[in-house]
Amino acid sequence: MQSEGSDAILPVARPPHLGTPPNLPLDMAVTKRPLLLTPGPVTIPEEVRQATARPLLYHRGPEFKHVVRRVRDGLKYLYQTREEVIVLASSGTGAMEGAVVNLCSRGDRVLVVRGGKFGERWEKIARAYGLDVVPLDVPWGEAVDPERVRRALAEQGPFRAVLLQASETSTGVAHPVREVADLTRRTDTLCVVDGITAVGVFPIPFDEWGIDCLVTGSQKALMLPPGLAFAGLSARAWQAAARADLPRFYFDFARERDCLAQDTTAWTPAISLIEGLDLVLERIREEGLDALFRRHRLAATAMRAGVRALGLSLFTGSPSDALTAIEIPDPPGASAVVKRFRDAHGMTIAGGQDQLKGRIIRLSHMGDVDRYHVVRAMTALESVMDELGFRPADGAGVAAVVASYARGATE
Ligand SMILES: *Cc1c(COP(=O)(O)O)cnc(C)c1O
């Protein structure tokens with residue numbers, strides 16, 4: 001018989017993220033799982049997490065073929081396209097690199113909208129493959145003016161492609177993809193869009209807008225762990241892919257497309273993540289794209305209303321509905337705010353990068369978001385700004401969030 005104090009009842013050391021985070025005040029002891037408010041990765045719904053934890057299926061067996069078949073259909077629904085959307089085992093950057101190597105040939109000239117970290121990433125990838133990059137510089141926090149794109153296309157071409165972000169996550173800006181695609185569809189230039197924090201957040205109807213390549217990743221609005229990336233290609237992008245001569249092997253889009261047509265993948269897929277994706281896509285279909293986009297719009301609108309009510313400034317006048325970038329005065333400085341969210345409230349938010357380091361914070365509202373997500377984030381923001389001496393917490397931010405939802409405000 002075991003006596004009290006024997007090793008049978010020794011407490012099991014748990015990783016800190018499974019228990020109450022240390023140092024939290026007693027009134028927050030129910031916060032068992034720290035909230036990820038970062039613009040990727042985002043908090044994963046529990047049923048999605050469980051779907052990624054099932055016993056492995058064999059990826060060449062019949063059951064997994066059914067999964068792939070459903071996922072193909074679901075991705076077409078999400079992208080609003082009749083084309084195949086290919087699935088890669090990589091982070092989002094892999095699909096960006098894949099877009100460049102599948103669509104471009106040696107020495108091709110490309111126009112890169114450079115208005116943040118991710119615009120710079122397009123440039124770096126293109127330069128790594130020796131492409132002739134013409135950057136179109138946009139001040140961080142502003143959206144690109146389509147007129148500038150039109151002029152660059154007319155005066156500095158010919159361009160193989162325009163590379164831009166639908167949602168520039170480093171600044172919280174939404175770029176006018178529809179207008180840019182309107183310009184490129186009448187030319188031989190391909191419109192290549194990084195939609196990594198846009199697909200599943202706001203409308204980018206792929207076929208209707210005439211986009212040529214749209215990439216996304218699993219850990220943003222698709223509320224999965226990182227590890228999957230996606231790319232949709234238009235008919236003329238597939239033609240370009242057949243001619244493009246940049247070196248490629250793993251990220252050979254045509255090979256993946258041909259495999260998908262057989263409900264399989266070229267290489268060993270990220271089986272568990274694709275099982276999670278199957279569930280996510282089913283949920284998105286049940287909800288419907290209109291409702292999905294509206295839910296994100298309501299959250300973004302409410303978040304912005306709350307921020308203004310606190311007397312803080314939004315970093316951009318052209319905000320993406322995926323996240324809110326907020327200017328933080330110094331003092332207290334954005335880094336102190338990030339730290340305080342984590343240490344005192346068990347929530348992880350993002351600061352700014354590079355030139356925005358210490359100047360802004362970024363709060364995500366994509367994926368599994370509803371009014372309580374926004375209220376929770378705003379409650380913490382109010383408290384943190386109070387604790388750091390910026391402004392007493394009086395509920396003004398939370399009240400603005402609740403009122404915004406009550407009005408169904410969508411700006
Ligand atoms: C997250 C993100 C990426 C991809 O980054 P990975 O770390 O490679 O997944 C690319 N572009 C944008 C706009 C993003 O938000």
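**Entry 1: residue A51**

I first looked up A51, which counts as buried because its relative accessibility is 3% (buried means under 20% relative accessible area, exposed over 50% and partly exposed in between, with a 1.4 Å probe and protein chains only). The model is predicted, so I note that local features need pLDDT of at least 70 and side-chain atom pairs count only at pLDDT 80 or more, while totals for chains, interfaces and linings use all residues. Residues are numbered from 1 along each chain as its sequence is written, and side-chain values use heavy atoms, with hydrogens and water left out.

I found A51 in helix α1, residues 46-51. Helices (H or I, at least four residues) and strands (E, at least two) are DSSP runs, numbered from the N terminus. Setting aside neighbours within four places in sequence, I recorded contacts of A51 with S272, E275, G276 and L279, where contact means heavy atoms within 4.5 Å. I also noted that A51 and V280 are 229 residues apart in sequence, with their C-alpha atoms 9.5 Å apart in space.

**Entry 2: helices α2 and α10**

Two packed helices are described by the angle between their axes and the distance between the axes. I read that α2 (residues 62-79) and α10 (residues 271-287) pack at an angle of about 45 degrees, with axes 9 Å apart. Axes are lines fitted to C-alpha atoms, for helices over the stretch in contact, and angles run from 0 to 180 degrees between N-to-C directions. The angle makes α2 oblique to α10 (under 35 degrees counts as roughly parallel, over 145 as roughly antiparallel, 65 to 115 as roughly perpendicular, and the rest as oblique).

I noted a left-handed crossing for α2 and α10; the near helix is then turned anticlockwise from the far one by less than a right angle, and clockwise if the crossing is right-handed. Among the residues in contact are F64, V67 and L78 of α2, and I274, L277 and L281 of α10. By class, the contact of α2 with α10 has eleven nonpolar, one polar and four charged residues. Ala, Val, Leu, Ile, Met, Phe, Trp, Tyr, Cys and Pro count as nonpolar, Asp, Glu, Lys and Arg as charged, and the others, Gly among them, as polar.

**Entry 3: helices α3 and α4**

I then turned to α3 (residues 92-103) and α4 (residues 117-128), which pack at about 50 degrees with their axes 10 Å apart. They are therefore oblique to each other, and α3 passes α4 in a right-handed crossing. On the α3 side I listed T93, M96, E97, A99 and V100, which meet F118, R121, W122, I125 and A126 in α4. This contact of α3 with α4 divides into seven nonpolar, one polar and two charged residues.

**Entry 4: the seven-stranded sheet**

I traced an open sheet of seven strands with mixed pairing, in the order β2-β10-β9-β8-β5-β3-β4. Two strands pair if DSSP finds at least two bridges between them. The edges are β2 (85-89) and β4 (132-137), each with a single partner strand, so one side of each has no neighbour in the sheet. Within the sheet, β5 (residues 161-165) and β8 (residues 190-194) pair in the parallel sense over five bridges, and L163 stands opposite V192 in β8. I saw helix α6 (residues 177-184) lying across β5 and β8, at about 175 degrees to β5.

**Entry 5: strand β12**

Strand β11 (residues 313-314) pairs with β12 in the antiparallel sense over two bridges. Five bridges join β12 to β15 (residues 360-364), also antiparallel, and I326 stands opposite I361 in β15.
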